[in-house]
Amino acid sequence: MISIDAAGPQLVDDREQPDAATSRLQVQQRVRDAIDQLPPLLREAIVLRELQDCSYTEIAAVTQVPVGTVMSRLSRARARLAGMLQDVVDFGDVA
C-alpha cells in the first residue's frame with residue numbers, strides 16, 4: 001500500500017488570500033478522501049500514476065499485471081473519481 005500522505009506536507013503560499021488557501025486545502029482533502037474510497041486495486045494504480053508519476057510500464061511491473069490491465073484500472077479509477085468529485089472539479093467529458 002502507498003500512503004497518499006507520502007506526498008509530503010502541503011504548504012500555503014503567504015501571498016495567497018486566506019479564503020483561497022482554505023478552499024484549495026479543502027479541495028485537496030476531498031480528493032484524498034475520494035482516492036481513499038476507491039477499491040484497493042484502483043487506488044494503487046491511480047496513486048502510482050498520478051502521485052508517484054510512474055509510467056504505465058512501471059505500474060505494470062510493480063503490480064505484476066499487463067499494461068492493458070493498468071490502463072483499464074486507471075480508466076475506472078478516473079471515472080469513479082470524476083463521479084465522486086463532480087461538484088468540486090470540472091473534468092470535462094470523462095467516459
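This is a predicted model: local features need pLDDT of at least 70, side-chain atom pairs count only at pLDDT 80 or more; totals for chains, interfaces and linings use all residues.
At 34% relative accessibility, Arg30 counts as partly exposed. Arg30 sits in helix α1. Set aside the neighbours within four places in sequence, and Arg30 is in contact with Met84, Leu85, Asp87 and Val88. Take Val88 from that list: Arg30 and Val88 are 58 residues apart in sequence, yet their C-alpha atoms are 8.3 Å apart in space.

Asp87 deserves a separate look. Its side chain makes a polar contact with the side chain of Arg30, at 3.1 Å. The pair also qualifies as a salt bridge, with 3.1 Å between the closest N and O atoms. Asp87 belongs to the segment after α4, while Arg30 belongs to α1 (residues 18-37), so the bridge ties together parts that are 57 residues apart in sequence. The two partners fall into separate accessibility classes. Asp87 is exposed, at 58% relative accessible area. Arg30, at 34%, is partly exposed.

Now step back to the whole chain. The protein chain has four helices and zero strands. Along the sequence, the pattern reads α-α-α-α. The chain has 95 residues, and 25% of them count as buried. Consider next the contacts between residues at least 6 apart in sequence. Of these, 48% join residues at least 24 apart.

How many salt bridges does a search of the whole structure find? The search finds two. Glu50 is partly exposed, at 44% relative accessibility. Arg78 is partly exposed too, with a relative accessible area of 32%.

Two packed helices are described by the angle between their axes and the distance between the axes. For helix α3 (residues 56-63) and helix α4 (residues 67-84), the axes come within 9 Å and cross at roughly 105°. Angles of 65 to 115 degrees count as roughly perpendicular, so α3 is roughly perpendicular to α4. Which residues make the contact? On the α3 side they are Tyr56, Thr57, Ile59, Ala60 and Thr63. On the α4 side they are Val67, Val70, Met71, Leu74 and Arg78. By class, the contact residues divide into seven nonpolar, two polar and one charged.

Most residues other than glycine have a negative phi. Two residues here call for a check against that background. Asp53 lies in the loop between α2 and α3. Phi of Asp53 is near 60°, a positive value in a residue other than glycine. Is Asp53 buried or exposed? Asp53 is exposed, with a relative accessible area of 61%.

Gln64 is found in the loop between α3 and α4. Its phi is also positive, near 60°, and Gln64 is likewise a residue other than glycine. At 70% relative accessibility, Gln64 counts as exposed.

Definitions and conventions: Residues are numbered from 1 along each chain as its sequence is written. Side-chain values use heavy atoms; hydrogens and water are left out. Axes are lines fitted to C-alpha atoms, for helices over the stretch in contact, and angles run from 0 to 180 degrees between N-to-C directions. Helices (H or I, at least four residues) and strands (E, at least two) are DSSP runs, numbered from the N terminus. Angles under 35 degrees count as roughly parallel, over 145 as roughly antiparallel, 65 to 115 as roughly perpendicular and the rest as oblique. Contact means heavy atoms within 4.5 Å. Ala, Val, Leu, Ile, Met, Phe, Trp, Tyr, Cys and Pro count as nonpolar, Asp, Glu, Lys and Arg as charged, and the others, Gly among them, as polar. A salt bridge is a side-chain nitrogen of Lys or Arg within 4 Å of a carboxyl oxygen of Asp or Glu. Buried means under 20% relative accessible area, exposed over 50%, partly exposed in between (1.4 Å probe, protein chains only). A polar contact is a pair of N or O atoms within 3.5 Å; within protein, one must be able to donate a hydrogen and the other to accept it, and residues adjacent in sequence count only if both atoms are side-chain atoms.
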